[in-house]
Structures are given as structure tokens and as C-alpha cells.
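Please open the model in your viewer and keep the selection tool at hand.

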Amino acid sequence: MLQAHRLMAGYAALVLIVAGVYLSVPVLRTPLWAVIGLGGFAAVVTGLLVHRPAHRWPWLLLAAGLLAFAAGDTYYNVLEAYFDASNPFPSPADACYLATYPLFAAGLFGLVRYRWAGRDLPSLLDALILTAGLALPVWVLLVQPLTQVDGLTWQQRAISIAYPLGDVLVLALLACLLAPRPAWGRNRAVQLLVVGTLTLLVFDIAYGILQLKDMWQAGTLVDSGWIVFYTAWGLAALHPSMVELTASVPQRESLLPRSRRLVSLALATLIAPGILLYEGLAGHPEDAAAIAAFSGVLFLLVILRLSGMVVAHRKAVARELALRTAAASLMEATRPQEVTAACDRTVGTLFGPGVAHGTILLPAERAVGLATNRTHLVPTTRLGPEIAAALGDPPTTLVCPMVPPDRPAGELPGALLAAGPERQLAEIRGSLQILASHAALTLERIALRREIIRTESEAYFRTLVRNASDVILIVEDDDTVRYASPSARAVFGGARLTGAALPDLVDSRDRRRVTEGLTAMRHGGAPETHDHWWVLRDGDRIEVEARCSDLREDPTVRGLVVTMRDVTEQRRLEHELTERAFHDPLTGLPNRTLLLERIERALLRGRRESTLTCLLFVDLDDFKMVNDTMGHATGDRLLTDVGERLSGALRRSDTAARLGGDEFAVLMEDARQPLDGELLAAQVIQTLGRPFSLPGGPLSVSASVGVATARDSTDAEELLTHADLALYAAKGAGKRQWRRFQPRLRVRMVERHDMRARLDRAIRDDEFVLRYQPVVGIEAGEVVGFEALARWPRDGGAPVPPEHFIALAEETGHIAALGAWVLENAAADMAGLQRLAGETDRPPYVSVNVSARQFGDDGFLDLVRGALRDLAPGTLQLELTETVLMRQDAQMHAVLRSLKDMGVQIAVDDFGTGFSSLRYLREFPVDALKIDKTFIDDIAVDPRQVALVQGIVNLAGTLGLDVVAEGIEDSAQRDLLAGMGCRFGQGYLFGRPMTLEKSAFLLGRPEK
């Protein structure tokens, strides 16, 4: 750089000296002028040799042009000075002059080509606008007059016109070189070339004008213009910045031209109207056509320039939107991978779809030697094979150092590398720089956040260690404790820990195991162990869970870390939870899970020792009645007493278990034959049959037992299932019974499951029908009402007996839906019969059975209201069993009062078969009693039955209740009942259950 400036200073001083002598000594003008011209040529060649640009041929063409120009001047001056030729024109000198213009044009074109890579349409348009604006005065002042001057040959005219046109051509190419805006700084060599070219243009115009007026002569101040031209071009070649003119330079993206350029463009466009105004004021507008043509060209160029600005603005808006989106993504990023992904997406958006590109975010360690403090373009291959492979095919990469804005240059945090077409990289250069700075800020924020988290975590864990309930010990190689956390006092009590041997702090039975475990860890054992120790604490001992970790290689620890936790209470809770998991919480007996486990063990032992395993399934009879009448607290007390009594009646090898509710099981091991299980079942029934002492008084209950043996079962589940089937058979045989499993029970269970499936389908498809059994007055024989009975016909077979499907419906919960169907249809049918009977004082009533489940349904009262809608008042009777009335709760009283308010009659069905009590006859609004058929069957042959029925009839008469005798099948029964004062009866003697049509016929013809 210093050498270049010295060369420039020496060359400028030499030119000044020669120019001074040239102007002051006329005799030496010719040789000195040649020296000045050759000096410019020599300066350009010297600059090429000193600076060695990447491409030399443009500068060589410029040097050749200077040499041709100097040759022309020398030839011209020699003719005038030594051969007395006065202004020889044309001459060989003109040929040299004209040769300079294509040489200058080719050289400047080469500089434009290498300096500005790709297309730069805005700069080209700016150059054309400036060239067109300056070409107009040249045309008006020189070209146009030269076409009209007289006395010139065609050679003189053509040469005179060629000079200004050549200057315009050189000016246009120089404007193209100057027009683009570089990404940094101004180029001094370009400025010197511009100064020399403008000087050449101005003085060539002056030369042409003087030639037209025949006033030209050498040795005047006009010659100083060409001296400036030679000198400026020579200095441009000597300046170090001449190297940049043949190297590709990225352009700085700008939507608007710089203010100076804008002023220049404005002045260029105003030249045409200025000349036109001048000629108009002078009174001779001779160049209107030329001015109009140049104005049109300028107008089109300006329109194109504005269009380019609009397109550039749209691209800038798109880039700004992409950067905003990137800023939002970077604000949300919490990891470097997210920053890389955000930069990759943004670079892809900036390039646009379909453009091959690549993006890499290099960290600081990989960017060393690659990134500088200035964004620059580099060939992708120069980045190394690894980075080049990651960037892909694009040949050019823009390296953007990740320097945060307003941050002094220092250590780079990394670099953003974007590979793609060079032209597009130049367009989005500024956006990529902004993106790189934002990425740098984000990475700094992430690093700072991690550091803050690390610092806070250290403080957090330090606080945790000091306040944690777990004990943390650091143990030296000799098993002594170097550090103990403050929580150690809760485990070790007042014992001194620091310096004490860890094995001495545990129970004597665990010391050897502790010592061996620590030694094994130090000698290559597992890096972490887990064990349970008993630790001494103030004369007592507690159980701890101990974890040992080998952190001797950690510079912050350098020892074995033992973490202890008091698990004494935890072990107690585990034992309690285990107890709860395998035992019933109410009775303390084993539950189903433990029972199944013991059954499996008993089966294995029985196969091994040839003994028999028996299982008893025990169920309390009518336990629900106890809960409903005496409360659940009493029921729980009864279950507890049953469990205790059951356990006390067994051998020590047997197991009593509670399976749930009122179901118990007894596992009998080591039996010799099935009879042993049957004998135990009878013993259990007898034992549980004795009264239990409860807070409400003594209570007697009964139990049913099912017995199964291992001879019929292969595993525990099957044995339990068989015992359940046997229990079901025992309950079906009556209360206080036991039954042993038989294979036919399984067949019955399959049939029962089949019936359940068919019952579901029958309820869904309305397969049931109604039959009506008449209720008659015993003395007169008239029909007073009907009892609605549900029947289930079966295609191709006998109907299903009511006692089968009614019980099944109760069990499955379908009884509510079936009862609602019976009530609705029976009420509708009876309403039709009442209309058929016409107006009578006593229309026939319909009696419908209601189950306990249906009676407790929330929608039961609404269902009854709907059934009463078309019936005559007082003609709906609901039959309830004694079991329903024994519930004695507020809901029962409320429902019965509501039914009575609706005019519904209440009858007690099957009176005498259940918990018959005079109390509910007094408390509830009962209207009738229906004597069960079992009391009527033997009334004609059993005097005791007569007395019993007589008592019921007398009791009902005393309470003002009607009595209906069920199951009357012969006249003897009828006569006896009539003699007792029983007014109503029903049975096969009066009519079997019949269809609605037969019921209508019967109403029309009552019995006499």
C-alpha cells in the first residue's frame, strides 16, 4: 500500500512538472506532450505489474487506448511543429484518435463484466438515463451542427461526428461501471477513471466546437484537459483499489437510489426540457425533433426504473416478513437445534421456492479461520469437504459472521453460511446479516439461560441436600465418614458421624455385609448398589434403604456417596397394605385372592400326597332383610361374628375366607373322601344356626352351603365355580341346606345362562303376553276383577313357567321393565273391558303384582299416573309382598301415601308366607289381604288350616280389610271359605288365566 502511494505521488509530481514546462516553453511542447501521453500508458502498465489484478486484459486494452491516443497527439503535434502543417484535418492522427474509443470501450466493458456479477438492471437503467441525458447536448451542440456545416468533406464530417459519439460510448460504459452500489465503501480507482473520462468528454466537446469555428490551436489551456485525462487514468491504475475492478463485488441492496445519484438522474432528465426552453426563449427551436426523441427514451427508461423499484419493494416486504417470522421463532427457541431449524426455514423463504440452496449454522469452534468480522462471498469448495458436502451443489456461499448489532468486534460466536446463486445471495445479503445477528443474540440468550439454570440448580440442589430428609454421607477409602448432611441427626440420633467408621454405625448383624459391599465397590464392583440396613439410633434401631455410588473420580466429591432413607414406617405400611390386599378389611379373614392362592397350593399338595381338597361356599339366607330392617351397622356386626364363629369351628389346617357381601368360603385340606366335606358343611350350618348376640338383641340366621371337591376340578377357579353352582342348588332346595357339586349342575347353569339371554331378547322384542284370572264373589259368583299375569310363550314348545322367568327377571334387574309393561298393558286392557261392560255401579278392577325393585324406582309414581288415565276410579289394585312392606323406611311411606291419594287399592299378596306382622297392617294403608294357596290346599281335610284361615279372615274383618282366597280348586274349599265370611276368591274353580277376549266374554256371562 505504501509503495503504491509513493508511485502515485511521484507520477503526479512528474506530470505537474512536465505540464508546467509544456505550457511555459512552446519549443518543447511536442516532445513533452509525447512524454505526458506515454507517462499515462507507463502508469497503467506499472499498476498491472505492481498490483497483479485477477484479470489483466481490460487494463491492457485501456493502456493500449492511452497509447493510441498519445500516438495521435504526437503525430498531430509533429506535423504542426516540424512540418508547418496548420491544423491538419483529417490526418493519420485522427485514425489513432478514433482507435482509442473501441479500445476504451472494450476495456471498460471487461471491468463491468468482472466487477458486477449477474444482472443489475437498476444500475444499467441509471447508467442509460445519465448517458441519454448527457448525449443530448452533445447531439445538439456538435453532431447536429456538424451535419449542417458547409465546406466539409464527408471524411471530415464523419470524423468530427465520431469524436463526440465515441466519448458518449465511453461515458456510457463508465456509467455502467459506476452505477451499481457496492456493499462497502467507494472505489478510488473508479473515481479517477470517472474524472479522467468526464474531462475527456468536456474537452472533446470544446475541441469540436473550436474546430467548427476554426479557432483551434495547440498550446492553450484546453490542452490541460487531456493532461488531466492521462493523469487520472494513470493514477487509477496505480491505486491499489484497481484490483477490485476485476473482482466480483457484492452489491448493497437498496430500494431507492442514493441522494446524489437521484439528483444526477433528475438533472439528466431535465437537460432535454432545459435545451428546449433555451431555444424557445432564443426564438429558434431548431432541435425539437431530437429533443422529443431523447425525451421519449428518457421517459421509457424512467418508467422501467420505477417498475424495478416496485418489484424491489415487494421483495423487501417479503424479506421483512420472513425476518419477522424468524424473530418470533428465535424468541421461542430454547435449544441451539431450534435456532438452526429457524435459520434454515428463513433462508429457504428468502431464496424462494425452487432455488437450490444450503444452510449451516457453524458454532464458534468450527468457524475459527473461516469467518471474519465482515460478510463475504467465497467459493463453496474453499470451505472444506465436510462443509461443502453439507451445503450441497451451490457453487457460492455467503459467510455471515454472527456478530450481534451494536457489539464491538471480538471473539465470534459463530457464522451463518448460506449457499446459493451468487445473484440472489447479493440480493438477500442484508437480510442474511440481520438473521445472523438475531441468531447470535438468541444463542447468547440460550447460553445465558443455561448458565442461570445451572447456577440456580447448584443453589437448588445445595439447599435440597441441606434440607432433604434423606441422609447423604461421603465415605473415605478407610470407611470413615467425611461429610454428613444435616438430616443425618434424624436417622443416627446424637451419634458423632464425621470421622466415625460407617460399619460401626449400623447394627452388628449388618456390619460385615456393609464392609464387604463398600470394599467390592472400590475394587471394580458395580458403580451403584442398593441394600437395606438396620441402623442404631439412641439405643434403638431403625431400617434404612441405602444406596451407594462410586464418585471417587468426580473432582467435587472424591469418595463413595451413601444415601440413606428411613423406611421403617414405609415397611410397616407395606406390611399393612399387603395385609389389606389379601384379607377382608371387615372380618380380617383371607379374601378371594389369598383363598385362590391357598387353593392352588392345596391342590398341588393334594396331588403330591394323595389327599383330597374340599371347598365350601357359604351364603347367609335373607341377609339383605337384616340390612334393610336393622341397618347396615348391625349387618356388619353380624358378618364379623359369622367370620369369628366360622373360624372357630374349623381345624387349624383349614381356611375360612370372606368372598364379599354375605358370601364366605371354607377351604378344607387333607380330606380323605368327599363325605368329610359334606360333614363339615352340615357342621357349618349347625354352627351358624345358633343365635347371634347383637346390639339390637339376639338374632337367628341360617346359611346355605355348596360343597365341591378336587375330584371334579382341575384348578382353583374351577373348584370355586363348582362350589358356587352347588350353593345355587342348595338355595334352590330351600334354606338351611347344603348340596355337593354334581355334573348336572353345570348343565343347569348353562340352561340358566341360555334363559337369561332369551329373557333379554324377550324383554326387548315384547314376547310376553297377558292372561287374566278372574276374582269373583264367593257367594254370588259374580266377577269383580281380574289379576293380570305375565306369560312367556315359546315357539314350538311349552311356555316358560312364571316361577322361572320371574325369579330370573328379579335377579337380572329386568323385573322393572317387565313390571312396567304389565302395568301399562293391563290398565289399557281393563279400560277396554270397562267400556265394554258399560255404566255399572261397580266396574271390574285389575290387580297387578309389583316387585320390590319396581316399587323403589323413581319413575314408578309417574308410571301409575299414566295407567290411571283411562281406568275408572278405584279400579287399579297393586299387589305387594310382605317383603316390600317390611322395609319400614320414609320412602315406602311416601310412595304408599301418594298411591292412596291417586285412588289406588293396596293388597298384600301371599299373606302368611313371609314375615307376617300386625304392625305393617296397622301402619300402612292396606285395603286387602290375599291368602296364599298353601293355606287353602288342605283346608278341607286339616282342621288346623281351617283355624288358621279363620283367624286371618277374622283379623281382616276386625281391621276392615277385604280378603281374597287364592287357589280355590273345588266346591268344598269354596263352601268352607264362604262359611268363614271370606267374600272373594280366585282359582281354577272359577276360571284359569285367560285371554282378554275370554275375559270380555266372561264379563258378559257371570256365574250364578
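Begin by selecting arginine 541 and tryptophan 534: the charged end of arginine 541 sits over the ring of tryptophan 534, 4.3 Å from the ring centre. A charge sits over a ring if NZ of Lys or CZ of Arg is within 6 Å of the ring centre and within 35 degrees of the ring normal. The model is predicted, so local features need pLDDT of at least 70 and side-chain atom pairs pLDDT 80 or more, while totals for chains, interfaces and linings use all residues. Residues are numbered from 1 along each chain as its sequence is written, and side-chain values use heavy atoms, without hydrogens and water.

Next, select arginine 645 and phenylalanine 692. Arginine 645 lies over the face of phenylalanine 692, at 3.7 Å from the ring centre.

Now turn to pairs of rings. Rings of Phe, Tyr and Trp (its six-membered ring) pair if their centres lie within 6.5 Å; planes under 30 degrees apart count as stacked, over 60 as edge-to-face and the rest as tilted. By this rule there are nine aromatic pairs.

Select phenylalanine 69 and tyrosine 230. Their ring centres are 5.7 Å apart and their planes stand at 70°, so this pair is edge-to-face. Phenylalanine 69 belongs to helix H3 (residues 57-82) and tyrosine 230 to helix H8 (residues 223-238), so the pair ties together parts 161 residues apart in sequence. Helices are DSSP runs (H or I, at least four residues), numbered from the N terminus. Both phenylalanine 69 and tyrosine 230 are buried, that is, under 20% relative accessible area (1.4 Å probe, protein chains only).

How values were computed:
Helices (H or I, at least four residues) and strands (E, at least two) are DSSP runs, numbered from the N terminus. Buried means under 20% relative accessible area, exposed over 50%, partly exposed in between (1.4 Å probe, protein chains only).
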